[in-house]
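Biologist: Can you walk me through this model? I'd like to start with what your terms mean.
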Amino acid sequence: MSLLEVENLVKEFGGLRALDHLSLSVDRGELVGVMGPNGAGKSTFFNCVSGVVLPDDGQVTFDGNDVTGDSPEKLAQTGMVRTFQHTRELETMTVRDNVRLAAPDQSGEHTIPALLHTDGMKKQENMVRDRADELIEAFELDHLADEYSSNLSGGQRKLLELARVLMLEPDLLLLDEPFAGVNPTLTREIADRIRALNDDGMTIILIEHELETLTELVDHLVVLEQGRLLVEGIPDEVLSDERVIEAYLGE
Ligand code: ADP
Ligand code: MG
């Protein structure tokens, strides 16, 4: 059964149709790459799926439920989490705090438990702290844990963002250009992380402009053009498709 099903998604900005009746489905456990020329609607597709913008028409089904228009927070609670093309970490916080604060249900937010500061709450705080430390270590960010995020390189920020979304323990992870502006060494590292997460069962959809990295990594490729699905299939087939070659050369 598909984990994500998108049917006839339409999104217009003024007179411009960014998504034009886009339909596609992703099975649980898949690692899917989304490519397409600039302006093809890739980020808008993520925005509509993840509740960042409301589609004008169409339906998004996640894990069997209609989630069209649900907020990103609500979707995160049900297991769908996304990153942004431009990283959104808080630059005035340290790496460690950025990861910790990504955790869901920060009990301190609830007035009564905060006043009582119960044992349960302390336990939860400790769990968050431990998980954050684990992720920081796993992503080899330990030597940067106390640095302000503003001091990180572009690639290190992408790693930090990945660590942050993993605090939410997603079933479906949407990554918008995780390799953009990242040097080749870190690109390989991030690609390895993505593959390992997928091997552990996480369903992942990633948008990428850099074809080489993408085609080596994914099982399935989807090509968008002008808000529509141009071609989809296994990477080798998709890349040798005349329509895809034309769309890329025609840029
Ligand atoms: P991609 O990620 O494939 O490069 P986008 O989804 O970002 O493409 O954009 C698709 C089209 O929609 C582009 O022409 C873009 O300018 C337009 N667009 C995207 N978001 C907005 C927005 N918030 N307001 C106006 N136009 C937008
Ligand atoms: Mg984009």
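Modeller: A residue is called buried when its relative accessible area is under 20%, counting protein chains only. Keep in mind that this is a predicted model.

Biologist: Fine. Which residues in H1 are buried?
Modeller: In H1 the buried residues are Lys42, Thr44, Phe45, Phe46, Asn47, Cys48 and Val49. With 7 of the 8 residues of H1 buried, the helix is largely enclosed by the rest of the structure.

Biologist: What happens just after H1?
Modeller: Gly51 is there, with a positive phi of about 80 degrees.

Biologist: Now the ligand. Which residues are around ligand 1?
Modeller: The residues around ligand 1 are Phe13, Leu16, Ala18, Pro37, Asn38, Gly39, Ala40, Gly41, Lys42, Ser43 and Thr44. By type, that shell divides into 5 nonpolar, 5 polar and 1 charged.

Biologist: What does the side chain of Lys42 do with ligand 1?
Modeller: An N or O atom in the Lys42 side chain is 2.8 Å from an oxygen atom of ligand 1. For the side chain of Thr44, the distance from an N or O atom to a ligand oxygen is 2.5 Å. Ala40 has a backbone N or O atom 3.2 Å from an oxygen of ligand 1.

Biologist: How much of ligand 1 does the protein cover?
Modeller: On its own, ligand 1 has 560 Å² of accessible area, and the protein covers 60% of that.

Biologist: Which elements give two or more residues to that shell?
Modeller: Strand E2 (16-27) and helix H1 (42-49) do. H1 gives the most, with 3 residues.

Biologist: Switching to the sheet. What's the strand order?
Modeller: The order is E2-E1-E4-E5, in an open sheet of 4 strands with antiparallel pairing. E2 and strand E5 (65-66) are the edge strands, each pairing on one side only.

Biologist: What holds strands of a sheet together in general?
Modeller: Strands pair through backbone hydrogen bonds, and they can be parallel or antiparallel.

Biologist: And how many bridges join E1 to E2 here?
Modeller: There are 9 bridges between strand E1 (residues 2-13) and E2, and the two run antiparallel. Across that pair, Glu12 stands opposite Arg17 in E2, and Val10 stands opposite Asp20 in E2.

Biologist: How many residues lie between the strands in that hairpin?
Modeller: The hairpin of E1 and E2 has 2 residues between the strands, and Gly14 in the hairpin takes a positive phi near 60 degrees.

Conventions:
Residues numbered from 1 in each chain as written. Chains lettered and ligands numbered in written order. Predicted model: local features only at pLDDT ≥ 70, side-chain atom pairs only at ≥ 80, totals over all residues. Heavy atoms only, no water. Near = heavy atom within 4 Å. Polar contact = N/O pair within 3.5 Å; in protein donor to acceptor, adjacent residues only side chain to side chain. Areas by Shrake-Rupley, 256 points an atom, 1.4 Å probe, with all protein chains shown as cover. Nonpolar A, V, L, I, M, F, W, Y, C, P; charged D, E, K, R; others polar. Buried < 20%, exposed > 50% of the residue type's maximum accessible area, 1.4 Å probe, protein only. Pairing = 2+ DSSP bridges.
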